[in-house]
Amino acid sequence: MATNITTTTQTTKSREKYIDIHCHLINEVDDGAKNLEQSLRELIIAHRIGLKKIICTSHICHGQNDRLNKIKTNFDILKEYGKKLNIDLYFGNEILYNHDIPNLLKSGKISSLNNSNYILVEFKRSENRDFEDILSCLEDLIDNGYVVVLAHPELYHSYNKLKYMKALKKEGILLQLDAKSILKRRNRKVYKFSKKLLRKKLIDFVASDNHCNKERNYYTFKKAYKKIKRRYNKEYVNDIFYNNPKMILNSVK
């Protein structure tokens, strides 16, 4: 696939339906896009489905300066390609939890979502951590002035129970569901729990978690949007796909 993108004359008359706050489009920096061609392919698909705003959230855990520099360099290149497709790309990180997150954020070694006070945080899925420990960790980040968005809570098998999700929400923690989780795929338990979270309106964001592969991509994101739109309250769907993500973009420090 060539890396040349020409500005398209096609316009989308309908209003924007969604904003993506979690993806791995930046090439050659994590387990997402393996090369620039994969990144550009997903940008073209994003354009086709009418997705115009995307926060790129490469994985990062500690202050890895060389890696962070590569992430930013490749992001800047990708951002220019996005402009040719009328897609705005924003910078952030998906942060693997560690106790030094506040200091790493303040020193610029890891990044919040679009330089706002919103941070996208994940835990190792294989860890069998006590829920009270999880809650305490996230409360500490809130006490430091951050709005915590917990990435894909439906995937943490050690505490994917409604009572735990309600406890997180009570403390002001926001929950982001992966698009793939609400589609009938391999893991029926994740699928059923995702439906419960949506039914109880515990989800604040639905994001692609796009890894530029067959299961996690922007066609999957669109399928999830259509399915949720058919089954749930219109206002709630607008909130979790557009209004709440828009708040992040409007919350720059």
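Residues are numbered from 1 along each chain as its sequence is written, and side-chain values use heavy atoms, with hydrogens and water left out. Because the model is predicted, local features need a pLDDT of at least 70 and side-chain atom pairs count only at pLDDT 80 or more, while totals for chains, interfaces and linings use all residues.

**Confidence**

The pLDDT, which is the predictor's confidence in each residue on a scale from 0 to 100, averages 92 over the protein chain, and 92% of the residues score at least 70. Over residues 1-13, however, the pLDDT is below 50, and this stretch has 18 contacts beyond near neighbours in sequence, where contact means heavy atoms within 4.5 Å. Where pLDDT is low, the predicted coordinates should not be read in detail.

**Aromatic pairs**

Rings of Phe, Tyr and Trp (its six-membered ring) pair if their centres lie within 6.5 Å, and planes under 30 degrees apart count as stacked, over 60 as edge-to-face and the rest as tilted.

| Pair | Centre to centre | Angle between planes |
|---|---|---|
| Tyr 18 and Phe 221 | 5.3 Å | 50 degrees |
| Phe 131 and Tyr 159 | 5.9 Å | 50 degrees |

Helices (H or I, at least four residues) and strands (E, at least two) are DSSP runs numbered from the N terminus. Tyr 18 lies in the segment before helix 1 (36-48) and Phe 221 in helix 7 (residues 218-231), so that this pair links parts of the chain 203 residues apart. Phe 131 belongs to helix 4 (residues 131-143), whereas Tyr 159 sits in the loop between strand 4 (147-151) and helix 5 (162-170), so the pair ties together parts that are 28 residues apart in sequence.

Buried means under 20% relative accessible area, exposed over 50% and partly exposed in between (1.4 Å probe, protein chains only). Phe 131 is buried at 6%, and Tyr 159 is buried at 2%.

**Strand 1 and the cores**

In strand 1 (residues 53-60), 8 of the 8 residues are buried. A nonpolar core is a set of buried Ala, Val, Leu, Ile, Met, Phe, Trp, Tyr and Cys residues joined through side-chain atoms within 4.5 Å. The largest such core has 71 residues, and those with the most contacts inside it are Leu 43, Ile 54 and Tyr 218. Helix 4 gives the most to this core, with 6 residues.
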